[in-house]
Amino acid sequence: MDIIVCIKQIYDLGQIKVDTASKSPITEGVARKISDFDKNALEEAVRIREKHGGTVSALIGGTKEAAKEALAMGADEAVIYSADTDSLGTATILAEIIHKMKYDLILCGEASIDEFSFQIGPRLAQAIGIPVLTYARKIELNDGEIVVERGLENRYELTKAELPALVTVTKEINEPRIPTLLQILGASKKKITEISPPKPEAGIETLSITAIEMNRKEIILKDTEELAKVILSASK
Amino acid sequence: MIFAFSEDIETAFEILAKGREIADALKSELAAISIEGHGKEEICITYGADKVYSIDSGLQADLIVDCISSLINPYKPEILLIGGTRLGKEVAPRIAQKFGVGCASDCIDFSLVRGELIVKRFVLGGRFIATQRFLRKPQIVTVPPRRFEKKLDKDRKGEIIKSSIELVEPKVQILVIKKKTPEALRIEEASIIVSAGRGLKKKEDLKLVESLAKALGGALGCSRSVAADLKWLPEEHWVGLSGHKVKPKLYIAIGISGQVQHIAGIRDSKTILAINNDPNAPIFKACDYGIVGDLYEVVPKLIEILK
Ligand SMILES: Cc1cc2nc3c(=O)[nH]c(=O)nc-3n(C[C@H](O)[C@H](O)[C@H](O)COP(=O)(O)OP(=O)(O)OC[C@H]3O[C@@H](n4cnc5c(N)ncnc54)[C@H](O)[C@@H]3O)c2cc1C
């Protein structure tokens, strides 16, 4: 089973400060990390390899730092690229890279935690023409087939497709491992390939990004009676 | 032409209301796409559609992508509005990729500038709002459920057009569907929400928060910690950036610290109230009224007074 995991490196969102004049985000000097659900995807890939054999390749929009982390978590090799584009652009780049790779399964996080747009997995599967199974909370593989349990708003679905397929995973699927020192050291021997794909056309232009103003009253009440009064008037 | 689709009928009505405004401003036509409509096509007209394209194909993502694409080809819509359910958020980007265009997810606001759509959406973990425009058409957006009000006009007239397309075998098969029980709560619809956080010591204590919710005729919500980490409540109670985005007239946060991701889900609430024993909890910077105190004292007392 050869698995590709698509990973996005993002800013540590809690560290982003706001420029007081322009209200825009200050990202300079902010640490970066692998987006949360992408770690679940990587963890799942490593577990599948542990059970079924094969390889795990991490395809990372980001730097060597993220590659090292992915390798320490158990990926066999990492490919890094930089993608300063939107979802259309990123999916197009990924499809181009994956076109030249050998794989049975592609795993993605259901969304990146900075954008939360849930687009890359479905777009990528559409671009390369393979089945996509979204919002997976459980994956099972047998005989060239994949069975995924997915959660929708009011129901769970058990869905099936033939391999190769793409699956997007939720946080529920597993608890990503924290690599040991030995694994971190071991990762330095693994291969990191850096590629620079041509910049594709984007579908969306961002005109501005501004901090949300919090305009709440922030009144601290002294006792529960006051609280009850506020509740009664607010629930009218 | 503007297209609107959601398999969730309430969300369909809401995006039709928004679509109607845009269509009027552009002097364009609004068409609802109804897949497995089960006779709801007429109602789509009373909620704002000029036309309804009705296709009976089955509500499976591969089929929905094919159906909508088959209508985009001949009619070349300027704008495609899709209800931001999980299914909607899968099909919208797939259609966008197929046509080589952008897609803006979970748009919270729309405007038109020189006939082009300008959208706003949360980014960077919900602390910022991005204003975006499309570089190509169709302009595809998903709209979160319960974001906009539906508008009924019983006298509206329109046309229902039965369409059929040659369906190919879907690549993904649905083997089993298991309904969530009890019948999933729709927390977005509650006008009062009382939410519990990690400040609760044990699962049984949820009863306390729930009885306050009951006393107020509201719904029970929770933070991610309670739903995802402790697994004390199912996903439909989970409020926040990665959970449900709500805008009740009253939101009460009990034992919730008020991290940005939680706030991102309650930002549009009319009044926010907090009960927390830590005076430095960030929730006090994000609420209208707060009380610093032990929830195990405040909540029972509150229920007593409210009775
Ligand atoms: C990508 C991402 C997405 C996320 N999405 C969401 C989301 O959608 N929704 C969400 O909620 N979180 C989300 N989070 C998690 C979020 O960052 C916080 O971890 C979470 O909201 C904390 O939950 P909490 O407030 O219940 O727990 P805590 O932060 O542990 O807060 C518990 C609070 O209870 C108070 N308390 C303790 N005992 C008492 C008492 N006896 N009486 C009164 N108060 C008491 C404490 O002072 C504290 O403030 C997300 C995080 C990430 C990284």
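In this predicted model, chain B and chain A together bury about 7100 Å², and 59% of that area lies on carbon and sulfur atoms. The contact draws 79 residues from chain B and 74 residues from chain A. On the chain B side, B:Arg86, B:Gln97 and B:Leu124 contribute 10% of the area that this chain buries against chain A, more than any other three residues.

Seven salt bridges are found across the interface of chain B and chain A. A salt bridge joins B:Arg136 to A:Glu201, with 2.5 Å between the closest N and O atoms.

Within chain B, the domain assignment gives domain 1 (1-160) and domain 2 (190-304). The centres of these two domains of chain B, taken over C-alpha atoms, are 33 Å apart. Where they meet, eight residues of domain 1 are in contact with eight residues of domain 2. The two domains of chain B bury about 710 Å² between them, with 50% of it on carbon and sulfur atoms. B:Phe122, B:Gly125 and B:Arg147 account for 51% of the area that domain 1 of chain B buries against domain 2, more than any other three residues.

B:Arg147 also takes part in a salt bridge with B:Asp268, in which the closest N and O atoms are 2.6 Å apart. Two salt bridges are found across the interface of domain 1 and domain 2 of chain B, along with four residue pairs in polar contact, both residues of each being at pLDDT 80 or more. On the side of domain 1 of chain B that touches domain 2, the residues comprise one nonpolar, two polar and five charged.

The cysteines remain to be considered. Over all chains, the count of disulfides is zero. The sulfur of A:Cys108 has its closest cysteine sulfur in A:Cys6, but the separation of 4.0 Å is too far for a bond, given that a disulfide requires sulfur atoms within 2.5 Å. A:Cys108 counts as buried because its relative accessibility is 3%, where the limit is under 20%. B:Cys222 is likewise in no disulfide, and the nearest cysteine sulfur, that of B:Cys287, is 19 Å away. With a relative accessible area of 0%, B:Cys222 is buried.

Terms used. Residues are numbered from 1 along each chain as its sequence is written. Chains are lettered from A and ligands numbered from 1 in the order in which they are written. This is a predicted model: local features need pLDDT of at least 70, side-chain atom pairs count only at pLDDT 80 or more; totals for chains, interfaces and linings use all residues. Side-chain values use heavy atoms; hydrogens and water are left out. Domain bounds come from an automatic or database domain assignment. Contact means heavy atoms within 4.5 Å. Buried area is the accessible area (1.4 Å probe) that two parts lose on being put together, summed over both. A salt bridge is a side-chain nitrogen of Lys or Arg within 4 Å of a carboxyl oxygen of Asp or Glu. A polar contact is a pair of N or O atoms within 3.5 Å; within protein, one must be able to donate a hydrogen and the other to accept it, and residues adjacent in sequence count only if both atoms are side-chain atoms. Ala, Val, Leu, Ile, Met, Phe, Trp, Tyr, Cys and Pro count as nonpolar, Asp, Glu, Lys and Arg as charged, and the others, Gly among them, as polar. Buried means under 20% relative accessible area, exposed over 50%, partly exposed in between (1.4 Å probe, protein chains only).
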